[in-house]
Amino acid sequence: MDKIKQVAIIGGVHGNEFTGIYLIKQYQAKPELISRSSFTSRCVWANPQAHHANKRYLHSDLNRQFKNVDLANPALTNYEQSRAKVLNAELGPKGAAKTDLLIDLHNTTSNMGACLILTQAGPFYNQLAAYVKMVMPEAIISCDEDHFAAEDHALMCTLGRYGVLVEVGPQPQSVLRHDVLELMDSMTRHILDFVELYNTDSVPALPKQTEAFRYLYSIKLPMNEHGERLGMVHKNVQDKDYQPINPGDPIFKLFDGAEIYYEGEQTVYPTFINEAAYYDNNLAMSLNEKVLITLE
Ligand SMILES: [Zn+2]
């Protein structure tokens, strides 16, 4: 029987996403909040230096450093690349990790609510998703490139034997919102409750089908050949994460007054709309399809 014995809750992978940092402080002050009988849990502050600098990262994005090939590359030595190797030694090593479940806490500036992001597929994740959605109906389940092997994923959550990302917004960078912290706390503790039920063979009857969103691709802001932005996210789309975009709907407003329309052939569901952290890459939003997670 598969058992989860070691759980790690990670805050502050991104230094200007405050909720996870403050939430793990609360958990460290009151360990009973994250204690359960069948496993041990610990909290880890992943990137204190970036937080002290009030930045997402110092040299490169820590949450893009966890591919096996990069962890094994001694030439990658900037601050976050080194930090990833330390975290891998402490919580991993990836592929044979002492951490059975890694819960990585993040904020988004987008209006995404409480989102459970799964980067791997399988029965454990399917049951977890069904449970979280059942006990927390406002939760969004997101499947993000779960067809990739863990070793090819760059995200910190793939360091654990199992790993999930809890992404909650909207919250501006370097700000704490009460409602966002409550949602993150609630989702995290539901995950821990599920693990306790899973370990003790006590998972209740779960819905056979659970709605989820599967990542398709990201789209960029309109740009000219010099890399200058020509427009912005359309007001009809702003803050409408998970609301359908249909072929022909306006998605960008250009500074010259023109509108750009969605030209795909299927209805899609946007996330990370106008996310502040993605402006350096000119990413405007990610597009998803709606799917069902089905239990046997
Ligand atoms: Zn983040």
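# Briefing: zinc site, sheets and selected residues

Alanine 97 is buried, because its relative accessible area is 14% and buried means under 20% relative accessible area, exposed over 50% and partly exposed in between (1.4 Å probe, protein chains only). The model is predicted: local features need pLDDT of at least 70, side-chain atom pairs count only at pLDDT 80 or more, and totals for chains, interfaces and linings use all residues. Residues are numbered from 1 along each chain as its sequence is written, and side-chain values use heavy atoms, with hydrogens and water left out.

**Alanine 97**

- Alanine 97 sits in the loop between helix 4 and strand 3. Helices (H or I, at least four residues) and strands (E, at least two) are DSSP runs, numbered from the N terminus.
- Beyond its neighbours within four places in sequence, alanine 97 is in contact with Leu91, Gly92, Leu159, Gly160 and Arg161. Contact means heavy atoms within 4.5 Å.
- Proline 172 is 75 residues from alanine 97 along the chain, and their C-alpha atoms are separated by 33 Å.

**Annotated domain and active site**

- UniProt, in an unreviewed entry, lists residues 4-194 as "domain: Succinylglutamate desuccinylase/Aspartoacylase catalytic". UniProt positions follow the numbering used here, feature names are shortened, and annotations may be inferred rather than shown by experiment.
- Over residues 4-194 the chain is 34% helix and 19% strand. The end C-alpha atoms of this stretch are 11 Å apart.
- The unreviewed UniProt entry lists Glu167 under "active site".
- Glutamate 167 lies in strand 6 (residues 162-169). Its relative accessibility is 6%, so glutamate 167 counts as buried.

**Zinc site**

- His14 (ND1), Glu17 (OE), Glu17 (OE) and His106 (ND1) coordinate the zinc ion at 2.0 to 2.3 Å. Donors are N, O and S atoms within 2.8 Å of the metal (3.2 Å for Na, K and Ca); water is not among the atoms, so sites may look incomplete.
- The arrangement is irregular because the four donor atoms subtend angles of 58 to 153° around the zinc ion. Four donors count as tetrahedral if all angles lie between 85 and 135 degrees; four count as square planar and six as octahedral if opposite donors are over 155 degrees apart and all others between 65 and 115; anything else is irregular.
- The donor residues follow the sequence spacing H-x2-E-x88-H.
- Histidine 14 counts as buried at 3% relative accessibility. Glutamate 17 counts as buried at 7%.

- Nine strands form an open sheet with mixed pairing, in the order 2-1-3-6-4-5-7-12-11. Two strands pair if DSSP finds at least two bridges between them.
- Strand 2 (40-45) and strand 11 (269-271) stand at the edges. Each has a single partner strand, so one side of each lacks a neighbour in the sheet.
- From one strand to the next, the twist averages 30°. Axes are lines fitted to C-alpha atoms, for helices over the stretch in contact, and angles run from 0 to 180 degrees between N-to-C directions.
- Helix 4 (residues 79-91) packs on the sheet and touches strand 1 (6-11), strand 2 and strand 3 (101-107). The direction of helix 4 makes about 170° with that of strand 2.
- Strand 7 (residues 209-220) and strand 12 (residues 283-294) run antiparallel, joined by eleven bridges. Tyrosine 217 has leucine 287 in strand 12 as its bridge partner.

- Strand 9 (residues 250-254) pairs with strand 10 over three bridges, in the antiparallel sense. Lysine 253 has glutamate 259 in strand 10 as its bridge partner.

**Buried helix residues**

- Isoleucine 21 is in helix 1 (residues 18-29) and counts as buried at 0% relative accessibility. Not counting residues up to four places away in sequence, isoleucine 21 touches Gly11, Gly12, His14, Gly15, Trp45 and His51.
- Aspartate 185 is in helix 6 and counts as buried at 13% relative accessibility.
- Histidine 190 is in helix 6 (residues 178-199) and counts as buried at 17% relative accessibility.
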